[in-house]
Amino acid sequence: MARSVAFWNIIAGHYSRQPIADEAGYQHKLALTQQHLRSDMRVLEFGCGTGSTALIHAPHVAHIDAIDYSRKMIAIAKAKAQAANVGNITFEVSTIEQWPEARGQYDVILGLSILHLLEDKSAVLAKVRRLIKPDGLFISSSACLAGMSGVAKFLLPIGGALRLLPKLDIFSAAELTADIARAGFVIDHLWQPAPDKAAFVMARAV
Ligand SMILES: C[S@@+](CC[C@H](N)C(=O)[O-])C[C@H]1O[C@@H](n2cnc3c(N)ncnc32)[C@H](O)[C@@H]1O
């Protein structure tokens with residue numbers, strides 16, 4: 001994990017300046033998410049990166065705990081929140097694996113572009129289930145490398161094996177939704193516009 005943390009710390013500044021690759025898709029995911037947000041809700045976002053998504057959702061909920069294991073990502077996120085005068089997000093450096101369950105349960109948990117980066121996705125999904133209130137919503141967006149065509153499918157894992165990139169978990173959207181369901185959720189919504197696009201999943205805790 002230390003190697004992956006170092007990777008994200010090194011690229012945090014560059015990551016924060018990158019334009020969104022698919023703006024229309026991003027806006028669609030924000031709109032789908034906001035259909036389920038209410039002003040009294042408590043939200044957790046893990047792997048929040050530089051906080052862009054948390055900052056967009058913040059006006060629609062009571063509070064967001066936004067965590068990332070990269071201190072550089074969190075430093076940028078905190079600066080953005082201060083500049084935007086947003087006061088209802090607590091940005092903290094933490095892995096999702098070490099986030100204390102004593103901090104309580106959430107109405108909504110977001111895990112965006114992170115499930116394919118985890119060392120033990122099943123363990124994290126089980127933890128997310130414990131952290132979410134009954135009937136609460138887990139919202140994720142994940143690269144499904146099993147559905148990718150072309151060289152990226154082969155080069156990305158090689159980059160991980162050569163220790164140039166974080167190690168990637170390769171799964172299909174069907175495998176992902178099955179894993180999420182096994183953790184104690186029903187899949188409310190799956191949106192994957194093409195096999196090589198991220199799978200956006202909204203899953204309700206049962
Ligand atoms: C691809 S970036 C996505 C950032 C943001 N969610 C977004 O959609 O732009 C993945 C982020 O997850 C963080 N991360 C990866 N594994 C993590 C873990 N186990 N716990 C907390 N953060 C993690 C990385 O530091 C990085 O900021």
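What covers the buried residues of H7?

**Entry 1. Basis.** I noted that the model is predicted, with local features requiring pLDDT of at least 70, side-chain atom pairs counting only at pLDDT 80 or more, and totals for chains, interfaces and linings using all residues. Residue numbers start from 1 along each chain as its sequence is written.

**Entry 2. Helix H7.** I looked up the cover of the buried residues of H7 and found that it includes H5, E5, strand E6 (185-191) and E7. Helices (H or I, at least four residues) and strands (E, at least two) are DSSP runs, numbered from the N terminus. The cover is judged by contact, which requires C-beta atoms, placed from the backbone, within 7 Å. I listed Ala173, Leu176 and Ile180 as the buried residues of H7. They fall within an arc of 60° seen down the axis of H7, so they line one face of the helix. The arc is that of the directions from the helix axis to the C-beta atoms. I then found the exposed residues Ala178 and Arg182 on the face turned away from the buried side of H7. A residue is buried if 20 or more other C-beta atoms lie within 10 Å of its own, exposed if 12 or fewer, and partly exposed in between. After H7 comes Gly184, with a positive phi near 110°.

**Entry 3. Helix H5.** I turned to helix H5 (residues 121-131), in which Lys121, Val124, Leu125, Val128 and Leu131 are buried. Because they cover an arc of only 120° around the axis, they sit on the same side of H5. Ser122 and Arg130 are exposed on the other side of H5. I recorded that strand E1 (42-46), strand E4 (106-112), strand E5 (132-142) and helix H7 (173-182) are among the elements covering the buried residues of H5.

**Entry 4. Nonpolar core.** I found 52 residues in the largest nonpolar core, where Ala66, Ala77, Ile89, Ile109, Phe138 and Leu176 touch the most other members. Strand E7 (residues 199-205) supplies the largest share of this core, 6 residues. Such a core is a set of buried Ala, Val, Leu, Ile, Met, Phe, Trp, Tyr and Cys residues joined through C-beta atoms within 7 Å. I checked Ile89 and found contacts with Ala54, Leu55, Ala58, Ile64, Ala66 and Ala81, leaving aside neighbours within four places in sequence.

**Entry 5. Val86.** I located Val86 in the loop between helix H4 (71-83) and strand E3 (89-93). Val86 counts as partly exposed because it has 16 C-beta neighbours inside 10 Å. Leaving aside neighbours within four places in sequence, Val86 is in contact with Leu55, Ala58 and Ala81. The C-alpha atoms of Val86 and Leu55 are separated by 7.3 Å, although the two residues are 31 residues apart along the chain.

**Entry 6. Ligand shell.** I counted 19 residues around the ligand, of which Trp8, Gly47, Gly49, Ser70 and Thr95 come nearest. A residue belongs here if its C-beta atom, placed from the backbone, lies within 6 Å of the molecule. By class, the shell holds 11 nonpolar, 6 polar and 2 charged residues. Ala, Val, Leu, Ile, Met, Phe, Trp, Tyr, Cys and Pro count as nonpolar, Asp, Glu, Lys and Arg as charged, and the others, Gly among them, as polar.

**Entry 7. Whole chain.** Of its 206 residues, 37% count as buried. The C-alpha atoms fill a box of roughly 45 × 35 × 35 Å, taken along the principal axes.

Notes: Two residues are in contact if their C-beta atoms, placed from the backbone, lie within 7 Å.
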